[in-house]
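Open your viewer and switch to a cartoon view. Keep the selection tool at hand, and follow the stops in order.

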Amino acid sequence: MVFGATGKAGRTIALNLLAAGHDVTAFARDPAHFSARTYPGLRLLQGDALNAADVAAAVAGQDAVVVSLGDSTNPVVLKFGARFGVKRSTVPNICELGTQNIISAMQAASVKRLICISSYGVGDTRDQLSTVYRLWFQALQLAEQLADKEQQERLVKQSGLDWTLVQPVGLTDGAATGRWLASTTGGRRKRTVSRVDLADFVAQILSSGQYGGETVVLSQLTISERDFVPQTA
């Protein structure tokens, strides 16, 4: 199942898993935002990741869980919008609180496989951010979101589940390339990767069982490396 299924990454992951032949439960506060179409093998489930009972009911009977929680609101709007009457759509620590509920539900239901979509520059790769990335994050006022991801990763690593943390670099709406570097040592190539490639990677590791207990940075290969597809490091 996929938590955060109405976000751009979550929706892409859910649809990709459907295309790969998986039955998918898409969990969201408003499933109507997922798609106007219906898909064979798709179960849309309404609930709030902050509600432990909703999460427990959704997780029971699942084979694996993909967590793609986050706040899709523009970070500049999040920081300055209150001055103009803009209300935030979710709590600042949605990743931490929602993931805690998901982990507790998985432990209670004996569901072991967890793939959590985090972000490059968090946890294991915090110290590998380049100066350009640091300035970019500062300019976009991303400190709040990154702190939330830090706590989310801490919970995942302490969960005792069969977990994988995926840290994509900057996500884009670009097409699938099938060309990426999946690095467990923090290495990266380009500063962006498409959401479709991220979804393909998630589908692959769900099927293969790879990267249990590991943090994986996902980035697109450079043009000169296109003959090497995909890569691991």
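Select Val 67 first. Val 67 sits in strand β4. The model you are looking at is predicted. Is Val 67 buried or exposed? Its relative accessibility is 0%, so Val 67 counts as buried.

Now show what surrounds this residue. Which residues does Val 67 touch, leaving aside those up to four places away in sequence? They are Phe 3, Thr 99, Ile 102, Leu 114, Ile 115, Cys 116, Ile 117 and Gln 152. Keep that group in mind, as some of the names come back later.

Val 67 and Ser 118 are 51 residues apart along the chain. Their C-alpha atoms are separated by 8.8 Å.

Select residues 64-67, which form strand β4. How do β4 and β5 pair? They run in the parallel sense, with 4 bridges between them.

Which way do the residues point? Arg 113, Ile 115 and Ile 117 point one way from β5. Leu 114 and Cys 116 point the other way. Both groups are buried.

Now move to the other partner of this strand. Select residues 162-168, strand β6. β5 and β6 also pair in the parallel sense, over 5 bridges. Look for Arg 113, which stands opposite Asp 162 in β6.

Go on to helix α6, residues 143-157. This helix has 15 residues. From its first C-alpha to its last, α6 reaches 21 Å, close to the 21 Å expected at 1.5 Å a residue. Which residues of α6 are buried? Colour Leu 146, Asp 148, Lys 149, Gln 152, Glu 153, Leu 155 and Val 156. Gln 152 is also one of the residues that Val 67 touches.

Finally, zoom out to the whole protein chain. Count along the cartoon: there are 7 helices and 11 strands. Buried residues make up 45% of the 233 residues.

Residues 24 or more positions apart account for 71% of them.

How values were computed
Residues numbered from 1 in each chain as written. Predicted model: local features only at pLDDT ≥ 70, side-chain atom pairs only at ≥ 80, totals over all residues. Heavy atoms only, no water. Buried < 20%, exposed > 50% of the residue type's maximum accessible area, 1.4 Å probe, protein only. Helix = DSSP H or I, 4+ residues; strand = E, 2+ residues; numbered from the N terminus. Pairing = 2+ DSSP bridges. Expected span 1.5 Å × (residues − 1). Contact = heavy atoms within 4.5 Å.
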